[in-house]
Structures are given as C-alpha cells and as structure tokens.
Amino acid sequence: MNLKTLSNERLLSETKLIVSQERELLISVLRHLQEIERRKLFLELGFPSLWAYCTLELKYSEASAYRRIQAMRALRDLPVLQAKLESGSLSLTNIAKAQSVFRKFSKKQNNIISPFYSGVELSENDKLTESDKFGENETSRHGDHNLACAKLKVFAALENKSQKEADIVLASHFGEEILHKESIRQVSTHEVVVKLTLSSGLLQKIERVKNLFSHQNSTLTTAQAIELMTNFVLDKKDLSLTSEKRQRAYTESLRISSKYGLLLPQRRLSHDNKVARAPSEMSQTQKLMANNAKSAVPAAVKRAVWRKAEGSCQYVSSSTGRRCGGQHKLEIEHIQPRAFGGTNDESNLKLFCRAHNVQAARDATLMG
Ligand SMILES: [Zn+2]
C-alpha cells in the first residue's frame, strides 16, 4: 500500500487501528513470556534466565527485555491491569517501573506491607475478585490481598501519566531513593563513571576500610578502597585462579597497595606447614568439622572443576546444544550424588548455575 496516496483522515484512523493492534500484540507477547516462564523452557534451551532468553534468543535490547519481563509479572499478579494496558491508559514502561519499585521496596522492607499501604481506601471498582489477584490455583492470604489492593492503588495513580510524572508518583509513595538506578558510563578506554546508591551503613563500612589503612595513606579514595576490597575477595573466592595466577594476583594487589602507599600483611601461600592435631586433642565441634571436611570436596578439586568449566555454567541443552555459560550463582554439584556412592573426584563434579542445578534436581526427583 502506498501511504502517500491515503487521505489524511484514513492515514490517521489507520494509524490508530495499528497502534491498538500493536498493544494487543504486546499483551500476547507478555502472555507467551509468562507461560515460558511457568514452564521454565528457557532452562531447557540452555539459558540461565528468562531475561537471557529474551535478549539472546528473541533479540530484545536489555532494556526492552527488562520492561517486558517486569510488566509480564505485574500482569500475572494483577490481571486487571491488562485492560489498562490495552486501552493505553497504562504504558508498558510505567507498569514495568512500578513493578520493579514494588520488588525493590518489598526487599527493603523484608516483605512487610507498610507505609504505602496504610490509609488506602478502595472504591468498589478497585476491589479484586479472587481470580483477579492471583493465578486460579493460588490461595490468597489476607496480607496478599492487602498488598494487591495497595499495588492497584499505585497503578491507578499512574494512569495517563508520562514517565517523568510516574517517577514523581512513585517517589511520593516510596521515597525518592528507590528510583535511583545504577548506571555505568564509559568515559575513556580505561575509565568508567559509575552512579550507584549506597545505604549509609555501607558507606560507613567503606569509611572504616579507609580508616584501617589511614596510618599508611590518609588520602585513600573510595575507588581505591573498592579496588583493594575487590582484589582481596577475588584472591579468596575466585576458584578459577591457578596458584601461579593467585600469586600473580597477589603481586598485583601488592603493586596497587604500594601505589597507594599501603602495606599488605604477608600472605601465607602454602598451607602445608600447618601442624595437624591428633584427634584426641580436638573438641567435639572440631571433630565434627573435621568429619564434614572429609566429606566436602577439597578446595584443589573445586578449583580444577571451576577452571575446566571456565567459571561458567556447564549445562548444555539436549535440544539446541546451547551451553548456558551463566556466571550467576554458580554451584559445584555431584553428578552421581554422594548418597548413591558418588565420589569427590573431578570427573563426578559439575559446575552449574543455580537455576540449572534446581532444574537438574527436579528432573532427578521426577525420574527417581
Ligand atoms: Zn545454567
């Protein structure tokens, strides 16, 4: 169709029609994503999360994927929102924004429904039927009902609002700081500017770290303190480092420390000189710990497994051959469980992300 030949009237009316079809399509996408999440199909395909599936397989941008997943969860919890998305009174962005604020807020409040719920009064139209609030199979508790009502009230306040106006509404309900997002901006080949919100408690801890080194360097910056702490954690926790690499990492942290005018304590690189105590000298707790240590995977084996897996999830999809490669919440697990005679040998161990480990355990239970 040549749009240039259309009358103004038809051009405008057809645009409206297509936009409403676009919204219907969007809702259909959200419903499909919801079902994919319910079946956890992304795990079988070798993705560690629905988000990874949306960005890598469906080719959504990171922000688009994030908005769709957040909105999908909001609609799953509150199906009444669908009509508002359909009519355009609530935008995808504002639904997603509110959903992510609810999540942050409930984490912060440890799931206590508080200030933002208090004083909420609902009109008859706002009241929810049981099936509105949750999936049909889920029973609701009083707290869930209150939470759902409170969320609906917030969504009602977001209707027909621009993104900026939505920020103001959310800030008035939950406080300014909840809207602050982390951002990373590359400013040169070697430097980035990071914007992040810290709790005052965390800032105090960082100040204490600076104070610990203050007798050596009284002008340590926050970035330098973070670098010191990061090197310290990587040195302890990054199992992919070989002993040579660990030595090199340690040398590097020494170099950085001396650059900042700091002295690090001498590091013990070998544990061989530890004197083993006879069992008779051990307390009950020490004996227990020693027994647990015997059944635990030795650190050297853990490091070997980690290195072989290159520090990422080894799950490979049987249908697509895709390897997960996720690096979030990695766990070393036995292929043949210890309870069934599996050993702590490297060949009986695998490195999976948490999502794939849970999936594997579920499959094993179903088969067993
Ligand atoms: Zn995985």
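Predicted model: local features only at pLDDT ≥ 70, side-chain atom pairs only at ≥ 80, totals over all residues.
**Entry 1: strands 3 and 4**

I stayed with this pair. Strand 3 covers residues 330–334 and is joined to strand 4 by five bridges. The two strands run antiparallel. Strand 4 spans residues 349–353. I checked how covered strand 4 is, and four of its five residues are buried. I noted a general point on strands beside this. In a regular strand, side chains alternate between the two faces of the sheet.

**Entry 2: strands 1 and 2**

I went to the other pair next. Strand 1 (residues 183–186) and strand 2 (residues 192–195) are antiparallel and share four bridges. I found glutamine 186 opposite valine 192 of strand 2. A hairpin of five residues connects strand 1 to strand 2.

**Entry 3: the chain as a whole**

I noted 15 helices and four strands. The chain has 368 residues, and 18% of them count as buried. I also looked at contacts between residues at least 6 apart in sequence. Of these, 58% join residues at least 24 apart.

**Entry 4: the largest nonpolar core**

How many residues does the largest nonpolar core have? I read off 41. Those with the most contacts inside the core include Ala71, Leu75 and Cys313. Domain 1 (8–179) and domain 3 (298–367) each supply at least three residues to this core. Alanine 74 is also on the list of residues with the most contacts there. I followed its contacts, leaving out residues up to four places away in sequence. Alanine 74 touches Leu81, Ile95, Ala98 and Gln99. Leu81, Ile95 and Ala98 are themselves among the core residues with the most contacts. The general rule I keep in mind is that nonpolar side chains tend to be buried together in soluble globular proteins.

**Entry 5: phenylalanine 105**

Is phenylalanine 105 buried or exposed? I found 20 other C-beta atoms within 10 Å of phenylalanine 105, so this residue is buried; the cut-off is 20 or more. Phenylalanine 105 sits in helix 6, residues 92–108. Setting aside residues up to four places away in sequence, phenylalanine 105 touches Phe174 and Ile178. I checked the second of these further. Isoleucine 178 is 73 residues from phenylalanine 105 along the chain, yet their C-alpha atoms are 7.4 Å apart.

**Entry 6: helices 10 and 11**

I looked at how helix 10 (residues 200–212) packs on helix 11 (residues 222–237). Their axes are 10 Å apart and meet at an angle of about 85°. The two helices are therefore roughly perpendicular to each other, because 65 to 115 degrees counts as such. On the helix 10 side, Ile206, Val209 and Lys210 make the contact. Helix 11 contributes Thr222, Ala225 and Met229.

**Entry 7: two lysines with positive phi**

I went through the backbone angles last. Most residues other than glycine have a negative phi. Lysine 40 has a positive phi of about 55°. Lysine 40 lies in the loop between helix 1 (8–39) and helix 2 (41–44). I counted lysine 40 as partly exposed because it has 14 C-beta neighbours inside 10 Å.

Lysine 329 also has a positive phi, near 50°. I placed lysine 329 in the loop between helix 14 (299–308) and strand 3. With 14 C-beta neighbours inside 10 Å, lysine 329 counts as partly exposed.

Methods: Residues numbered from 1 in each chain as written. Buried ≥ 20, exposed ≤ 12 C-beta atoms within 10 Å, placed from the backbone. Contact = placed C-beta atoms within 7 Å. Pairing = 2+ DSSP bridges. Core = buried A, V, L, I, M, F, W, Y, C linked by C-beta atoms within 7 Å. Domains from an automatic or database assignment. Axes fitted to C-alpha atoms, helices over the stretch in contact; angles between N-to-C directions. Parallel < 35°, antiparallel > 145°, perpendicular 65-115°, else oblique.
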